[in-house]
Amino acid sequence: MKARVFITLKNGVLDPQGKAIHHALESLGFSGVNDVRAGKLIELDLAEGISDADIEDMCRKLLANTVIENFRIERLETA
Amino acid sequence: MNSAVIVFPGSNCDRDLAVALERLTGRKPAMVWHKESELPQGIDFIGIPGGFSYGDYLRSGAMAARSPVMRAVKDAARRGVPVIGICNGFQVLTEAGLLPGALMRNARLSFVCREVPLRVENSQSLFTANYDAGEEIVFPVAHHDGNYQADEATLDRLEGEGRIAFRYLDEVNGSARRIAGILNDSGNVLGLMPHPERVVEAAHGRTDGCRLFEGLLETVNA
């Protein structure tokens, strides 16, 4: 079983990397981009029986710094 | 004073800190590898050095903060042992929950490496007793992730409780309220981005860092 953890900066936390990406897009001539926020994607390959609560625990203890970041978990059903 | 310097893979200021401590305390510090689960007996000061522990993987200081030795450091900090985290050490202390807030990428994205003027905001702490309140000193900085951020309530509490130890005089990295270094609520843990251990002898060009270690030594030996 696989899961994806999306880690994003909380609203209101300044994102200098997102800003730089935004400027770079504009300098390449892409218009119409209002804002850019950069985050992380972490893919977990998990044994059977790992619960959502277990993954949330992993996020709180290591994967995200909840002072500045939010996380969202997405489970991928494997065929 | 018996000190310990914690060494992680990727630490690169551990020897500078050890040299400064030996020079100013008269004793060689114990160099403690991150895989140790205990500190040597009788340690009365712990230094967490600068560098790029674990290659800054995930977030600066994130992996180091979860290493085995940090459990022993947390226990010691709770017992009141003075702990200083310099640069990456400050990042490790926030990631370990020993200090509030987080250190983010510098606001202008560039690595900042230069001498910066600082104001000593609290001259009553274990670490700053040998400075005058409001004194202006100069320490070097060398970091990419020194942009200190915390929520407004935390920042107000730090201000109100006198826990901002050092503040930048000029804009350096985007830090909230120009914070350069903070204390924990019991005053025995200091985290700061600038490097006091790099200004301790004439050959460094400045000696503003000496009084930090000397003040600490006097308090610990008192």
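In what order do the three strands of the open sheet in chain A sit? Hi everyone, the order is E2-E1-E3, with antiparallel pairing. Strands here are DSSP runs of E, at least two residues, numbered from the N terminus, and two strands pair if DSSP finds at least two bridges between them.

A quick note on the model. It is predicted, so to speak with care: local features need pLDDT of at least 70, side-chain atom pairs count only at pLDDT 80 or more, and totals for chains, interfaces and linings use all residues. Residues are numbered from 1 along each chain as its sequence is written, while chains are lettered from A and ligands numbered from 1 in written order.

Strand E2 (40–45) and strand E3 (69–76) of chain A are the edges, each pairing on one side only. Neighbouring strands are turned by 20° against each other on average, direction ignored; axes are lines fitted to C-alpha atoms. Strand E1 (residues 2–9) of chain A joins E3(A) through eight antiparallel bridges, and A:Thr8 has A:Asn70 as its bridge partner in E3(A).

Now to chain B. Its largest nonpolar core holds 68 residues, and B:Ile46 is among those that touch the most other members. A core here means buried Ala, Val, Leu, Ile, Met, Phe, Trp, Tyr and Cys joined through C-beta atoms within 7 Å, buried being 20 or more other C-beta atoms within 10 Å.

Last, the chains meet: 11 residues of chain B contact nine of chain A, contact being C-beta atoms, placed from the backbone, within 7 Å.

Terms used. Contact = placed C-beta atoms within 7 Å. Helix = DSSP H or I, 4+ residues; strand = E, 2+ residues; numbered from the N terminus. Axes fitted to C-alpha atoms, helices over the stretch in contact; angles between N-to-C directions. Buried ≥ 20, exposed ≤ 12 C-beta atoms within 10 Å, placed from the backbone.
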